[in-house]
Amino acid sequence: MSVEAVRSYFKQFGLEGKIRELEESSATVELAAHALGTEPARIAKTLSFLVGEQPVLVVAAGDAKIDNAKYKAQFHQKAKMLTPQQALDWVGHPVGGVCPFAVNEGVQIYLDVSLQRFETVFPACGSGNSAIELTIPQLEETSRAVAWVDVCKGYDDNGQKTALEHH
């Protein structure tokens, strides 16, 4: 079970006890927000793409949508999402539980700037009914993200940005 791999992964950070396994599904942004009692925007959804021959994860705010022009500028190709089977095989987590933790070797992880307006966010933890609340610095550390990117649109940032520098 993928949530156990994530729990084991979080031991190195001393955060394994913060993983919440929920009674109800958190497999979509709306379900997760309801189950966790938070606003949908604070759900850190992990989107899985194929860039060339490599799986790439983009962690974005729950209210953000991929902006095709920005995505193409960043990754030099059109956005091509992994199928549910590819996500499971190549990333190591099922759709609904895809997260940037305890992923298979060779998966590159990026964090979208849409997350930076929050103090804490709620990414999944490898299953469709798990989550963890992390600060943005904790998310940076635990995800081992390659970089911050700006590949989304449609979210309300009200001009709020954190003091985090782009890598």
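Ala, Val, Leu, Ile, Met, Phe, Trp, Tyr, Cys and Pro count here as nonpolar, Asp, Glu, Lys and Arg as charged, and the others, Gly among them, as polar. This is a predicted model, in which local features need pLDDT of at least 70 and side-chain atom pairs count only at pLDDT 80 or more, while totals for chains, interfaces and linings use all residues. Residues are numbered from 1 along each chain as its sequence is written, and side-chain values use heavy atoms, with hydrogens and water left out.

**The sheet**

Helices (H or I, at least four residues) and strands (E, at least two) are DSSP runs, numbered from the N terminus. Two strands pair if DSSP finds at least two bridges between them. An open sheet is formed by 6 strands in the order β8-β6-β2-β3-β5-β9, with mixed pairing. Its edge strands are β8 and β9, each of which pairs on one side only.

Strands of a sheet pair through backbone hydrogen bonds, either parallel or antiparallel.

| Strands | Bridges | Direction |
|---|---|---|
| β2 and β6 | 2 bridges | parallel |
| β6 and β8 | 2 bridges | antiparallel |
| β2 and β3 | 8 bridges | antiparallel |

On the side of β8, T120 stands opposite T135. On the side of β3, L50 stands opposite P55. β2 and β3 form a hairpin with 2 residues between them, and G52 in the turn has a positive phi of about 65°.

Buried means under 20% relative accessible area, exposed over 50%, and partly exposed in between (1.4 Å probe, protein chains only). In β2, 9 of the 9 residues are buried, so this strand is largely enclosed by the rest of the structure. In a regular strand the side chains alternate between the two faces of the sheet. On one side of β2 the buried residues are I43, K45, L47, F49 and V51, and on the other A44, T46, S48 and L50. Strand β6 is likewise covered on both faces, with T120 and F122 buried on one side and V121 and P123 on the other.

**The nonpolar cores**

A nonpolar core is a set of buried Ala, Val, Leu, Ile, Met, Phe, Trp, Tyr and Cys residues joined through side-chain atoms within 4.5 Å. The largest has 48 residues, and those with the most contacts inside it are F10, F75, F101, L115, I132 and V151. Its largest share, 6 residues, comes from β3. A second, separate core of 9 residues includes A33, A35, I43 and A131.

**The largest pocket**

On a 1 Å grid over the protein atoms alone, a pocket is an open set of points where a 1.4 Å probe fits, with protein on both sides within 12 Å along at least five of seven lines; lining residues have an atom within 4 Å of a point. Grid points are joined across faces, edges and corners, and a volume is the space filled by probe spheres set on the points. The largest pocket holds about 350 Å³ of space. Its lining has 25 residues, of which A27, K45, T46, G96 and V98 lie nearest its centre. By type, the lining divides into 16 nonpolar, 8 polar and 1 charged. β2 gives the most to this lining, with 6 residues.
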